[in-house]
Amino acid sequence: MFTVLKSVREYKWVSIVTPLLKILEVVMEVLIPFYMANLIDYGIDKGDMGYVVQMGIILVCFTVLSLAFGIGGGITSAIASTGFAKNLRKDMYYNVQKFSFSNIDKFSTSSIVTRLTTDVTNIQMAYQMSLVLAVRAPIMFIVAIIASFRINSQLAWIYVFCVPVILITMLILLSFVHPIFQRVFKTYDQLNNVVQENVRGIRVVKSFVREDYETQKFRKISEKIYTDFATAEKRMAAAMPVMMLCSYACIILVSWFGARLIIASGNNPDKGFTTGQLMSLITYATQILVSLMMLSMIFIMVTISRASVERSAEILNEKSDIVSPENAVTEVRDGSITFSDVNFSYKKDSDNYCLKNINLSIRSGETIGIIGGTGSSKSSLIQLVSRLYDVSTGSVKVGGVDVRKYDLDTLRNSVAVVLQKNVLFSGTIRENLCWGKEDASDEEIRHVCRLAQAEEFIESFPDKYDTYIEQGGSNVSGGQKQRLCIARALLKKPKVLILDDSTSAVDTKTDAMIRKAFLTEIPDTTKIIIAQRISSVQDADRIIVMENGCIDAVGTHDELIKTNKIYSEIYTSQTKGGK
């Protein structure tokens, strides 16, 4: 709770003012029945119209003040709760941006989306109700009880006796309902995951005519959420009847014993209990009933939001395990890379390494090809260079310095990685390319597009570089998307350029043109090319063959054909169809 409440920040004072306004509103509402009793006993019953007018003016003033305080409290509570939700959502999002890949692996995308939307909304509603009702309801309950004791202490004890019954009921229900809400929000994550997966793969779903299967899968999870919520609401529904029973029992008992006291005193305010006092007690009973109903609403909302608070705090408390060190190195000397006794596992404290005993030295400006079968850990190897993950043991050096000693921004601006999954964002082509360099000139943009062989198809668009790219690059082909991603990486003018199977959707002619442009235009940049096609790496200075997380061989194309079985088999299968 304290972790989440840190996001209140500049809305702290508005949050403090709201309860104060609500307390003043309650004071006005509680004073009204007290003066109403005097109006009846000393004004109406005695026929004193002057006193009636006097009390009437006072009651109108109390009513207007109560309305003003109520409206003010409503406005400030809305400002405080929405501002708190804004800050909380921003804090969570900013913290996610700092996550390393290993941190992100702990949370699914659907789970993060649920926490940023549904969970934050629940917390916002609970916070607003806490500022308004959590202050108003208890204060009204306490003040109404005190006022009742001032009128008649014997009858006021009736209200006191109902409190333990209500509290015990709430605690019992809380113990039953909270585990359900914890479970239902995890199911929400699954629901979002199903929707996200279905929308992303809608072409595959339609191609294989799997709409009915996906519909059933969605319905199954949706019904699970319905069942959990229905079960929780059924149990929560027991709170209201108990409160109503206690409240109406109080009214009946007060009316019964109060009527007997009125008869005994002859309805004389100087001798004992009166009609006006009975009316005031019944009004206080109504206020107590309303405050108890408010408490039940708070109880329900807080129960729901408790699970949301815990899930949001998990995001806020998660700290990136990859950060810039103190006194970090802020300059990368060159593009040389050295792997020394590197072992790596995606799970911490695990001996099941996916990369084992990697020792490799790459000279600055050298072109390195990496090839191997699926699952041979080619991508895992290059992710250590830009420190997307940290090695389990050993070290990776860039420019002669351990990557863990660099400032992260410095390192990643010097090591450009075009990942296996190419991602473009909604916006124009120019806006997407400027991710590589925000202030890139038109000439710089055109230059890198020529290197990536993207200029031709961009110029064919009516809007050219201002062509709008849909989310995920859905309105361009796979090959076009890959070339745009390569151009974006080149804009950074990196010392190390890593292409992780980033030309797989490009035809062999265009692939060759890209490699030729790299050779002539950026000779001083270290280039690491991961590929499935031999033709993409055969001109490299050296080729690394990966097998089961180990380096099986290193050499030129001609050397490996003669000396390495894995490489020669891949070459034979691709050039001669395996025959």
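Me: Which two strands form a hairpin with Asn548 in the turn?
Reply: S11 and S12 form that hairpin, with 2 residues between them. Asn548 in the turn has a positive phi of about 55°. Strands here are DSSP runs of E with at least two residues, helices are runs of H or I with at least four residues, and both are numbered from the N terminus. This is a predicted model, in which local features need pLDDT of at least 70 and side-chain atom pairs count only at pLDDT 80 or more, while totals for chains, interfaces and linings use all residues. Residues are numbered from 1 along each chain as its sequence is written, and side-chain values use heavy atoms, with hydrogens and water left out.

Me: How many bridges join S11 to S12?
Reply: There are 5 bridges between S11 and S12 (residues 550-555), and the two strands run antiparallel. Two strands count as paired if DSSP finds at least two bridges between them. Cys550 in S12 is the bridge partner of Glu547.

Me: Which strand pairs with S11 in the parallel sense?
Reply: That is S3 (residues 367-372), which pairs with S11 (residues 542-547) over 5 bridges. Gly369 stands opposite Ile543 in S11.

Me: What holds strands together in general?
Reply: Strands of a sheet pair through backbone hydrogen bonds, either parallel or antiparallel.

Me: Now the open sheet of 4 strands. What order does it have?
Reply: The order is S2-S1-S4-S5, with antiparallel pairing. The edge strands are S2 and S5 (401-402), each of which pairs on one side only.

Me: And S1, how many bridges does it share with S2?
Reply: S1 (residues 337-344) and S2 (residues 355-362) are paired over 5 bridges, antiparallel. Ile337 stands opposite Ile362 in S2. S1 also pairs antiparallel with S4 (residues 393-398), over 5 bridges. On that side, Thr338 faces Lys397 in S4, and Ser340 is opposite Ser395 in S4.

Me: Where is Lys347 placed?
Reply: Lys347 sits in the loop between S1 and S2.

Me: Buried or exposed?
Reply: Lys347 is exposed, at a relative accessible area of 64%. The cut-offs are under 20% relative accessible area for buried, over 50% for exposed, and partly exposed in between, using a 1.4 Å probe and protein chains only. In space, Lys347 and Asp105 are 10.0 Å apart, C-alpha to C-alpha, and in sequence they are 242 residues apart.

Me: Switching to S9. How many of its residues are buried?
Reply: In S9 (residues 496-500), 5 of its 5 residues are buried. Both faces are covered, with Val496, Ile498 and Asp500 on one side and Leu497 and Leu499 on the other.

Me: Which strands pair with S9 in the parallel sense?
Reply: S6 (residues 415-418) pairs with S9 in the parallel sense over 4 bridges, and S10 (residues 526-530) pairs with S9 in the parallel sense over 5 bridges. Leu497 in S9 is the bridge partner of Ala416. Val496 has Thr526 in S10 as its bridge partner.

Me: Where is Thr428, and what is it in contact with?
Reply: Thr428 is in strand S7 (residues 427-428). At 15% relative accessibility, Thr428 counts as buried. Leaving aside neighbours within four places in sequence, Thr428 is in contact (heavy atoms within 4.5 Å) with Tyr465, Asp466, Thr467, Tyr468 and Ile469.

Me: Which helix has Ser568 in it?
Reply: Ser568 lies in H19 (residues 565-576). Ser568 counts as buried, at 19% relative accessibility. Not counting residues up to four places away in sequence, Ser568 touches Leu560 and Ile561. Ser568 and Asp558 are 10 residues apart along the chain, and their C-alpha atoms are separated by 9.7 Å.

Me: Whole chain, then. How many helices and strands?
Reply: The chain has 19 helices and 12 strands. Its radius of gyration is 36 Å, well over the 25 Å that the globule rule gives for 579 residues, so the chain is more spread out than a compact globule. That radius is taken over C-alpha atoms, and the rule is 2.2 Å times the number of residues to the power 0.38.

Me: What box do the C-alpha atoms fill?
Reply: Roughly 120 × 50 × 45 Å, taken along the principal axes.

Me: What share of the residues is buried?
Reply: Buried residues make up 48% of the 579 in the chain. Among contacts between residues at least 6 apart in sequence, 77% join residues at least 24 apart.
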